[in-house]
Amino acid sequence: MAKKFMYMNTKAPYGTIYALESLEVVLIGAAFEQDVSLAFIDDGVYQLTKGQNTDGIGMKNFSPTYSALGDYDVNKIYVEKESLEERGLTLDDLQHLTWEDEDEDWAEKDSIKLVSRAELADILDDQDVVLSF
Amino acid sequence: MTTLHTVNKSPFSSSALDNCLGLAKNGSTVLLLEDGVYAATAGTKSAEAIANADGVSFAILGPDAQARGIEGKLADGIKVVDYDGFVDLVAEHDKVHAWL
C-alpha cells in the first residue's frame, strides 16, 4: 500500500544544504513508488526560480533536476501563493515543470499548482507522512 | 569610522537585515551577499526598507544574485559588484561588520 509522502521545502537554495538534500531524498523516495507530493513555502519558493546560474559561486546548479521529477512520477508540486507574492514573484518567475500523463496518450501537463495557504493546509492534512526541509 | 556591513541571510528567514538597517550610520555601506541578495528583489518589504534608508549605500554581490536567478528582478539604485568589487569595498571602509 503506497503511502502519501509530502516533502515540505522551506529554505532558499545554495545558502544552506536543505534544498539539495530534500531533492536527493525525493528522488530516492520516488524510486520506492510512493505517492509523492512536494510543497514549496516561505524561502523554499526560491528553489524553483528560473535562470539560475552558479558559474560565479563555484557551486553545482541543481535547479535543472526539478524538471526531471516528472519522469519519476513526481507531478504534484504545490507552490504557496502567499509566499510567492510576499517575495515579489509570480509563477512566470518559476521554471515551467511538466509531466506526461500515460493515461491520456502521454499528454503534457503542468506539475506546479499554485495554492493558497488554506488549500495547502487541507493537502497537508491528507498526507500519511510529512518531511520538512 | 566608516563601516561595511555584510548581510548573508534572507530577510524572510532572519532579522539580520532589520538589525543592520537599525544600527547602520550615515556614510556606511551594506553589502548583500549569499541569501542576503533576496532582500534587493523589487516589490518586497525589504527592498522598500532599503530604498528608505537615507545616507546608507547598498551593494549586492552579482555572482550570488545570478546563482539564484534574481539578477533581472533587482530594485533600482543598488550597485552590483563582483568579488573584486567586494575586496574594494572592504579596503575602502575602516572595518567590516558581518551580521548574522
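Two strands pair if DSSP finds at least two bridges between them. Strands (E, at least two residues) and helices (H or I, at least four) are DSSP runs, numbered from the N terminus. What you see is a predicted model, where local features need pLDDT of at least 70, side-chain atom pairs count only at pLDDT 80 or more, and totals for chains, interfaces and linings use all residues. Residues are numbered from 1 along each chain as its sequence is written, while chains are lettered from A and ligands numbered from 1 in the order in which they are written.

Start with chain B and its open sheet: 5 strands in the order 4-3-2-1-5, with parallel pairing. At the edges, select 79-81 (strand 4) and 95-99 (strand 5) of chain B; each pairs on one side only.

Next, pick strand 3 of chain B, residues 57-61, which 3 bridges join to strand 4 of chain B. Click L61(B) and look across to V81(B) in strand 4 of chain B. A59(B) has K79(B) of strand 4 of chain B opposite it, and L31(B) also stands opposite A59(B). Strand 2 and strand 3 of chain B run parallel, joined by 4 bridges.

Why is strand 3 of chain B largely enclosed by the rest of the structure? Because 4 of its 5 residues are buried (20 or more other C-beta atoms within 10 Å of a residue's own, with C-beta atoms placed from the backbone).

Last stop: where chains A and B touch. The contact (C-beta atoms, placed from the backbone, within 7 Å) takes 18 residues from chain A and 19 residues from chain B.

Note on methods. Two residues are in contact if their C-beta atoms, placed from the backbone, lie within 7 Å. A residue is buried if 20 or more other C-beta atoms lie within 10 Å of its own, exposed if 12 or fewer, and partly exposed in between; C-beta atoms are placed from the backbone.
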